[in-house]
Amino acid sequence: MGPVTAGVLQALALIGALALAHIPLGNHMVRVYTSPRHLRIEKWIYRGIGADPDTEMRWPAYLRGVLAFSFAGVLFLYLLQRLQGVLPGSLGFDSVAPAQAFNTAASFVANTNWQSYYGEQTMGHVVQTAGLAVQNFVSAAVGMAVAVALVRGFARARTGELGNFWSDLVRGVTRVLVPLAVVGALILVACGVVQNFSGIHEVGQFTGGVQQWNGGAVASQEVIKELGTNGGGYFNANSAHPFENPTPFSNLFEIFLILLIPVALTRTFGLMVGSVRQGYAVLATMAALWIGFVALMMWTEFAHPGPAPQAAGGAMEGKELRFGIGGSSLFAVTTTLTSTGAVNSFHSSYTGFGGGITMLGMMLGEIAPGGVGSGLYGMLIMAVVAVFIAGLMVGRTPEYLGKKIGPREIKLAALYILITPALVLVFTSLSMALPTPPDSMLNPGAHGFSEILYAFTSAANNNGSAFAGLNADTDWFNTTTGLAMLLGRFLPMVLVLALAGSLAAQQPVPATAGTLRTEKPMFSGLLAGAVLIIVGLTYFPALALGPLAEGLA
Amino acid sequence: MTIRVQEHEDAMSAPTTPTASTPSGAGVLKPAQLLASLPEAFRKLDPRVMVTSPVMFVVWIGSVLTTVFSFKDPGDWFGWTISAWLWLTVLFANLAEAVAEGRGKAQADTLRKAKTDTVARRVDGGTVPGTALRVGDLVVCEAGDVIPGDGDVVEGVASVDESAITGESAPVIRESGGDRSAVTGGTKVLSDRIVVRITTEPGKTFIDRMISLVEGAARQKTPNEIALNILLASLTVVFLLACATLPSFADYAGARLTLVVLVALLVCLIPTTIGALLSAIGIAGMDRLVQRNVLAMSGRAVEAAGDVSTLLLDKTGTITLGNRQAAAFVPVRGTTEAEVADAAQLSSLADETPEGRSVVVLAKERYGLRERHRGELVGAEWISFTAQTRMSGVDVDGRRIRKGAAGSVTAWVRERGGEVAEDTERLADGIAEAGGTPLLVAVEDADGARILGVVHLKDVVKHGMRERFEELRRMGIKTVMITGDNPLTAKAIADEAGVDDFLAEATPEDKMALIKREQAGGKLVAMTGDGTNDAPALAQADVGVAMNTGTSAAKEAGNMVDLDSNPTKLIEIVEIGKQLLITRGALTTFSIANDVAKYFAIIPALFAAVHPGLDKLNIMRLSSPDSAILSAVIFNALIIMVLVPLALRGVRYRPMSADRMLRRNLAVYGLGGLVAPFVGIKLIDLLLSLIPGIG
């Protein structure tokens, strides 16, 4: 079996597994977010935080919950890092410097997991487990809660109420993420991922030097890193590290974990709005983009010209031999089309076009299928925009799922699609124009520019993956990427919840033969086209000067 | 340049479309019109006017910047040429709007002539100028007077020439009380004397509103237009960011971007095509209604018309011809059809109602019975139809023949000691069940009084209505027939006409309840009406079209007035509403799709010098960087003018399902929008490369 066939078979196996697994999970999540009953442990939590899980919230109240909870998370995580030097169980590491502590706190609360530090050399057990791992769960649950609130906006009529944030948050953790993580962690351990609290081991190298290796609760962190589309690795090498991702099977399983919840949420969405087909139309768009990107990536990586790649059977630089081009391409596309940012290979070492594909994946807004929750709401916002333009062409005021897209709705959607391009372009431009930030580049020319463009694209879209090559641990990059992550996460949430509120208040318009059918393949195609054109037009000049210039050279 | 823009007839060619007010020259753009609108287009360059269209305002600022820049470097022909084409882009946009507005101006001038200074004679004797009238004033108008203001006739009856507003020269009758009491200021009394109670302040009369409407002065942006403007503004900001951040990226790559080039790139990318034509599309949509003699009081109503999912249509005049007609003669046992026909014809000669005339016509057409004149039958005594007796007939040659309503004729036969044939009732009921109205024909002669047979009167559904309703169904619009008939009759006609539902024995309250019920389900409802008792329902409906012949209460309540008073027009109004939205969507899609080709022209031109690989993106093989940028800018400007006729006329609209319409419009405007600029820019580049010094 050649490496190309292996790559294709892996992709097919992945699609098959997701096709089976998303159905029970999608159905389960409908029950999670609609059931009136609370588990005992949930009642304890509500009592502990003093929240009433049964009050219905209008969008401002829901938003206040999201922001208050996340702000508290940033503060807690920042203090935890600043105090690491005096906390027990820290493997003797010092407190983290202010700029880096802010960056890391912002990064994990924003579900980005951009890391400007070396995990195994900076964070001890307490910060890793009580700080970072906790945020891996709750930041994912926040994203799912906001998505569910938007779905309720579509599903409900003549009410401003979007559900209860605390209940959605807690249930996302207790009923979805934790049970899945437990099962996933056991499978990972079975694959050979480490799970212990051992200290640092000094290991002799073949060439004579000494290397420091440490263990830790890796499998438990690894599973939620993928499942919650977080991406923050226990080790700096992330999923390329053999302790995090030892075998081709664990590699495929991790990709499966990344895609599982975002894919299943489309079914949850369909069921909650009363038409599974509406959910599948959205999923079809996501799937088409994902498959297209995988195909392009494999093609450019396998077919890259030059003597070294031809000898190796493809562009193997920066890729692990145990994953090969197929397993690496699948991982790279999946991690950048979701808001994960975990890596099992070095994106900087991909071919010019390959690097461009990872960047474009993030620039799409991470909606194919995107981060947990954020992928669904991002795609639904794009659907609102696509419906608005295409809906006019059938001669009616545009409507999606029976809800009219009027001035208020389009204002919120238009601002949403403005935010990340503004953050990416402005911060990249400032970094290029100021005298010192370009010093962080490892490479000259177009590749150097790509490093900075990639960093802000990753931060503003809450991906967290790094192109590698850029020294991001400077005050400038720690501060600006930190801001980009927070603004790129929470400004869109404000708009999504406002939109949800305005949709929920509407009386739905019954569908007739004159209504644009949004559950048809035609619409899925239209949506994919709208996503590609709007994003493509926004970033084309920047991409031309980075990956395109490199790829066409 | 060969941009294929669909040239189409107006889609309103269904069989029932009235031809009385066919617009003249609709959709044709004459050079003279462009020339006449040019001064207005220049006037609109005022920044205070430009700012209302965010996209074009950005182009305006860009033009100013490049012009200033060119003054600093007067020898740079490229800067000057770009500046000139940017100004042209702005000017073309203004021209499109000015042409759209100009079409209304001519009509407004005609209306102004009708609004001459009038003198009002108060009923108490004094005279005041028409402009000093107040609501509630009573004024007298006699033959030859121009009515000084809008109002209701409270005394008298007069024939009035309303041609000033309707264009229809035949005079109409206006009388106190009832549904024909409204008079419009500016119309002229031809005969008799009426007393009018003024109902509208001067300056707010119907004719004043008409003037401001057709001129576009009262034009407010509609919700959908506002929404589209927001989306376009947001896209403009995105491209502004993309262009503003580009110099820092380019500097690093070693390419120097001048301000002129950056502005050119920006103008090419922002959605100028739709931005330039957006207001022209809206004005032209209103104008299309005006050309069909419909006045929409707000653009919002026109947009709502596109969304309507339930149409309430009055049976009489809309679905059926105004009157019932005789369709068959049915004999009772023992008589023949010819006998019934003969008796029916004789007895109807004295019946001047349309029903009576139709009996005579049927007898002639079906049984070849020559129409006999009343003078031919010597000694005949004619009994005319009256509402009291509900019978007509004739006494001649010892025979007394009667024809009329079942109850009246039966009573007449019984009075004379005659027998009512036992199958009479069965036959009459059969006709009623089929939706018809039975008339009995009876005779009294030597054999005594007896029923001869039954005339079957039925409503005649207008030709082509069934197909029309079928079309509406395909568009997802439900039709409900409103009638005062009993449910049985209503059902029969509803089935024949193919409407989806009917409301029988309808009272104004029933109509109102029906509208509210539909609206509670999220549907938008359109209806027509003319009487005062229609006013609440007209106000409740999302699209309420009042007939111009109706009362002023009805005209106030509706959001549209049909000057032709043709209820069928509701269907056309819906189509115009849809066409308006489709045109906006199509040009937006076209505009955005255009950008792809422009990037392929401009990006290689800007950066191929520093990254030679990028020249592979120059798939159009444009001759030089300057020519590439210039070609894109010129294409961007010219496409506006190319699309002006389409914006004014509207995209072709044919009733079809949303799916088919989307597929068709996506293919034409989406795919067309992708391909057209590649061809256009290449052609412009070929022409430019012939100029020495560019190629």
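**Charges and contacts**

Start in chain A, with Arg37(A), which sits in the loop between α1 (3-34) and α2 (40-49). Helices here are DSSP runs of H or I with at least four residues, and strands are runs of E with at least two, numbered from the N terminus.

A word on the basis: this is a predicted model, where local features need pLDDT of at least 70, side-chain atom pairs count only at pLDDT 80 or more, and totals for chains, interfaces and linings use all residues. Residues are numbered from 1 along each chain as its sequence is written, chains are lettered from A and ligands numbered from 1 in the order in which they are written, and side-chain values use heavy atoms, with hydrogens and water left out.

Back to Arg37(A). Is it buried or exposed? Exposed, because its relative accessibility is 66%. The terms: buried means under 20% relative accessible area, exposed over 50%, and partly exposed in between (1.4 Å probe, protein chains only).

Together with Arg40(A), Lys43(A) and Arg47(A), it makes up a surface patch of positive charge. Patch residues have over 30% relative accessible area and no salt bridge; like charges are joined within 9 Å, and nonpolar side chains (Val, Leu, Ile, Met, Phe, Trp, Tyr) within 5 Å.

Next, salt bridges. That means a side-chain nitrogen of Lys or Arg within 4 Å of a carboxyl oxygen of Asp or Glu. How many are there over all chains? The search finds 46.

Take Arg156(A) and Glu56(A): their closest N and O atoms are 2.9 Å apart. This pair links distant parts of the chain, 100 residues apart. Arg156(A) is partly exposed at 23%. Glu56(A) is partly exposed too, at 36%.

Now Asp168(A) and Arg152(A), a salt bridge at 2.8 Å, N to O. Asp168(A) is in helix α7 and Arg152(A) in helix α6, so the pair ties together parts 16 residues apart in sequence. Asp168(A) is buried at 2%. Arg152(A) is buried at 5%.

Over to chain B. Asp615(B) and Arg621(B) form a salt bridge of 3.3 Å, N to O. Shared partners also join Asp395(B), Arg400(B), Arg402(B), Glu415(B), Arg416(B) and Glu444(B) into one salt-bridge network.

Last stop: Asn665(B), in helix α24 (residues 658-688). Asn665(B) is buried, with a relative accessible area of 1%. Its side chain makes a polar contact of 3.1 Å with that of Arg664(B). A polar contact is a pair of N or O atoms within 3.5 Å; within protein, one must be able to donate a hydrogen and the other to accept it, and residues adjacent in sequence count only if both atoms are side-chain atoms.

Terms used: Areas by Shrake-Rupley, 256 points an atom, 1.4 Å probe, with all protein chains shown as cover. Lys, Arg positive; Asp, Glu negative; His and termini not counted. Charge placed at Lys NZ, Arg CZ, Asp CG, Glu CD.
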